[in-house]
Amino acid sequence: MVSRNIKSVLGTPLARAIKMMRLTILLLLVIAPPAPGAGASQDRPISVLYAGSLATVMEKGVGPAFAKTGYTYQGEAQGSLGAAQLIRGHLRTPDVFISADPLVNTNLLMGPQNGNAVKWFAVVASSQLVIAYNPHSKFAKKFEEAAANKVPWYEVLATPGLRFGRGDPTIDPKGYRTLFMFNLAGRYYHRDDIPKLLGPPLNPDQVFPEVVLLARVESGQFDAGIFYKHEIIARQLPYISLPSEINLSDPRFSSLYAQETYTTSSGPQVSGAPILFTVTIPESAPHREAALAFVQFLLKSGELLRKFGLEEVEHRVGGDAAQIPPGLRGLTSGVFKP
Amino acid sequence: MSRSLKPTFLVFGLLGSFLLIDLVLPIASLFLDANWGGWLEALKQVEAQQALVISLEASAISVMIMLLLGVPLGYLLARADLPLKRLWISLVFLPMVVPDLAAGILLLKTFGPYGIIGQPLDARNIALTNNLAGIVLAQLFVAAPFVVVSSLAGFAAVDPKLEMAAATLGDSRWHIFRRIALPLAWPGIAAGLTLAWIRAMGEFGSTLIVAYNPHSLPVYMWVKFEAEGLSGALPAAFCLVALATCAVVASMLFSRLTGFADVVTPFGKAATVEN
């Protein structure tokens, strides 16, 4: 009885499909590459956890270029603060961590209060704040005029009905940097009404997570947003550049920027400072040799980073300079002072 | 039926227990290193309370809408002689399997201030994103299919002979629905509504995009996670898991009332399982 059932089933399409699947699995087993760690020379994994705004720079630029040197690159984008919390909470053990703010290292990862998760960091590059807009926005003409310096950008942003967004200061350094920028602009242009364009720091009509805001501006649901220049170069959106005195790009204006402060909900007060990206190898990194090779590669990638809208700066070292791997000493110079 | 373990069941049990490592252990871990006092204290914070209230309000509105619009749709799909019936059922199923993030982007494109539906409303100063309405829209997208599908299953399980008998006695369709179909299918629908409610409460991915503000409880949990790490997020996680546990228990009680569970797929009724 049972055997007859099987026989009657054998001719059906289902049985044929099962046969095909078995064959496929057999084939896959034969041609499958050896398991990871089986000793192939190009199979050297490296995981990099980086500030979300760097996604395009890392996944289209640095990552693939580094992979060509014989490593298996794996990147992960997270908000800087969130990424630091992941490392601190032992929820991620990346080989390399790239932050969008030196303070993220000093406040959340360094020192005994943070379990000494990180002991040093090196400055990689700088960026600046710009106002990006959707080219199909009904205010696009006005934005174009502002980009050509024909009308002041803050007057365009004040247009009734115009929607612009910014980062959330609670979870994103860009959020409080935008607050700094508007305050600096108020003083630079002698206009008290510029900071008022933002409303309260956490204004629910303007504040969004990084990716959500980008999606809103790209999809045309928002007219404009405050972003890092390199994010906007990656998305190919038009943008308005701002003077160095207010765009937080230039270390020469550090003391001017530092006049602005903001207290995050999670505690520490932050001061205005140039937008600097830093790199470090956390103490928990599983592949230290690969991590070192990656950091060396990154610090020599000035040309590549410039193509993606970042500016090269001196690779100053923060934290305990004695802890920095000897292989990096030749690529760094000077001490980073917040 | 004898309760002796057959070899087949032993093997299946062994296989299933591997899956349970993934399903049960993570939730159990929440209670293993629980910090009850600290969590309750954290949930007393104003922002946490606000987020909880927002989530409860939005999900209550969602459940009402699902009840008023989803249950009739379930009956229609179960009983009406619709052309392309399987297509309609599949379309209702689809949102259940669309990734949250994609759902959020698509909802934003539709209901955002410059969206197909959002724009004409925006001209009249009605906003559908970044407010309670946005949260409800996101919740409906992911949770309403539960209600439609459970209603469909519930109504389909009602013996058609009962409805036919009532029809021959001259009862109108509305009367048949109201007096026979709805009371008999109700436990299954209630179970579906309960699951839909908790799915709505927990909706995160598309809500983040459609309505970051005001923070609902899952968005608040994420913000705390980003800003303060694990310790910041766990109180809200605990709250949501506790509510989910209640919802699952309630849903189980409702389905017990029916005495059987139906499995209906877009490809037809797959099985009726005696309880």
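The model is predicted: local features need pLDDT of at least 70, side-chain atom pairs count only at pLDDT 80 or more, and totals for chains, interfaces and linings use all residues. Residues are numbered from 1 along each chain as its sequence is written, chains are lettered from A and ligands numbered from 1 in the order in which they are written, and side-chain values use heavy atoms, with hydrogens and water left out.

**Chain A as a whole**
- Chain A has 15 helices and 14 strands (DSSP runs numbered from the N terminus: helices are H or I with at least four residues, strands are E with at least two).
- Of the 338 residues in chain A, 49% are buried (under 20% relative accessible area, with a 1.4 Å probe and protein chains only).
- The accessible surface of chain A is about 15900 Å², and carbon and sulfur atoms hold 58% of this (Shrake-Rupley method, 1.4 Å probe).
- Among contacts in chain A with a separation of 6 or more, 71% join residues 24 or more positions apart (contact means heavy atoms within 4.5 Å).

**Strands E1 and E2**
- Strand E1 (residues 45-51) and strand E2 (residues 72-78) of chain A run parallel and are joined by seven bridges (strands pair if DSSP finds at least two bridges between them).
- A:Ile46 has A:Tyr73 in E2(A) as its bridge partner.
- Together with helix H3 (residues 55-67) of chain A, E1(A) and E2(A) make a right-handed β-α-β unit (with the strands pointing away from the viewer, the path from the first strand over the helix to the second runs clockwise).

**A:Thr178**
- A:Thr178 is part of helix H8 (residues 173-188) of chain A.
- The relative accessible area of A:Thr178 is 0%, so this residue counts as buried.
- Apart from neighbours within four places in sequence, A:Thr178 is in contact with A:Leu129, A:Arg166, A:Leu198 and A:Ile226.

How values were computed
Buried < 20%, exposed > 50% of the residue type's maximum accessible area, 1.4 Å probe, protein only.
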